[in-house]
Amino acid sequence: MKLYHATGSCSQAIRIVLEETGIDAQWISVDARKHLIEGGADYYAVNELGYVPLLELDDGSYLREGPVIAQYLADQRPESQLTPVHGSMERYRLLEWLNFLTSEIHKGFIPLLYAVAAGKYVDTAKPKLESRFAWVDRQLSGRQFLMGDVFTIADAYLFALTGWGKAAWMKSVYNADIDFTSLGNVQAWYERVRNRPAVQRVLREEGLLGSR
Ligand SMILES: N[C@@H](CCC(=O)N[C@@H](CS)C(=O)NCC(=O)O)C(=O)O
């Protein structure tokens with residue numbers, strides 16, 4: 001298997017899932033803004049949609065969409081408990097989180113990541129994203145992780161996204177960072193996830209250990 005990924009992007013979640021499951025995959029680094037693969041090849045020739053993550057399976061076929069790739073990998077190692085079993089109510093709870101993270105948090109960040117181009121739209125998008133994080137904070141009350149006591153792929157995904165809100169460049173360039181100081185549950189959860197050995201390995205690999 002090969003994972004096309006970009007440092008610090010949403011594909012970080014997939015790297016965490018690979019580390020947590022112990023599944024072996026070759027990592028191929030992509031410049032997600034220039035759409036170039038390490039070495040300079042055109043990434044669009046591999047993925048015409050141009051985005052990461054992308055998983056190349058051993059039969060040469062591709063699996064797209066982060067939340068689906070994460071489920072595929074976690075389902076290969078049920079003993080890792082990163083996904084509840086198919087058909088259970090808990091599985092639907094996981095899907096509920098994944099859909100929320102994709103549509104409300106991941107895509108909610110886009111105007112902030114491109115704040116100069118987005119202009120005044122940031123004034124609408126930032127409070128909306130902050131309200132979503134405040135909701136997450138309330139959901140984390142009395143819980144170790146998003147689904148309860150067990151770390152799942154939803155935590156891996158949210159961790160990668162939350163890192164954007166904490167990134168210093170977001171504040172210095174656009175003042176578009178998220179203020180987490182009043183979100184105590186999110187902050188405690190973030191540290192809990194960050195301290196997992198698998199997550200530490202990924203942050204070290206991505207050169208982000210000191211910055212997030
Ligand atoms: N629908 C895709 C979106 C992935 C996505 O937004 N990837 C970003 C990095 S976090 C990217 O590669 N952007 C470059 C581009 O869209 O050209 C998924 O959920 O996997």
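**Reading a fold**

Guide: Helices (H or I, at least four residues) and strands (E, at least two) are DSSP runs, numbered from the N terminus. Before going on, note that this is a predicted model, where local features need pLDDT of at least 70, side-chain atom pairs count only at pLDDT 80 or more, and totals for chains, interfaces and linings use all residues. Residues are numbered from 1 along each chain as its sequence is written.

Visitor: Which residues of α10 are buried?

Guide: In α10, residues 197-205, the buried ones are Val199, Val202 and Leu203. They cover an arc of only 100° around the axis, so they lie on the same side of α10. The arc is that of the directions from the helix axis to the C-beta atoms.

Visitor: What do the buried residues of α10 pack against?

Guide: Contact means that the C-beta atoms of two residues, placed from the backbone, lie within 7 Å. The buried residues of α10 pack against α1 (12-21), α7 (153-166) and α9 (184-194).

Visitor: How many helices and strands are in the protein chain?

Guide: The protein chain has ten helices and five strands. Its radius of gyration is 17 Å, close to the 17 Å that the globule rule gives for 212 residues, so the chain is as compact as a globular protein of that length. The radius is taken over C-alpha atoms, and the rule is 2.2 Å times the number of residues to the power 0.38. Of the 212 residues, 35% count as buried.

Visitor: How do I read a sheet?

Guide: Strands of a sheet pair through backbone hydrogen bonds, either parallel or antiparallel. Here an open sheet of five strands runs in the order β3-β2-β1-β4-β5, with mixed pairing. Two strands pair if DSSP finds at least two bridges between them. At the edges stand β3 and β5 (62-64), each with a single partner strand, so one side of each has no neighbour in the sheet.

Visitor: In which sense do β1 and β4 pair?

Guide: Strand β1, residues 2-5, pairs with β4 in the antiparallel sense over three bridges. Tyr4 stands opposite Leu54 in β4. Asn47, in the loop between β3 (36-37) and β4 (54-56), touches both Tyr4 and Leu54, not counting residues up to four places away in sequence.

Visitor: Which residues surround the ligand?

Guide: A residue is near a molecule if its C-beta atom, placed from the backbone, lies within 6 Å of it. The residues around the ligand include Val52, Pro53 and Glu65. The shell divides into six nonpolar, four polar and one charged. Ala, Val, Leu, Ile, Met, Phe, Trp, Tyr, Cys and Pro count as nonpolar, Asp, Glu, Lys and Arg as charged, and the others, Gly among them, as polar.

Conventions
A residue is buried if 20 or more other C-beta atoms lie within 10 Å of its own, exposed if 12 or fewer, and partly exposed in between; C-beta atoms are placed from the backbone.
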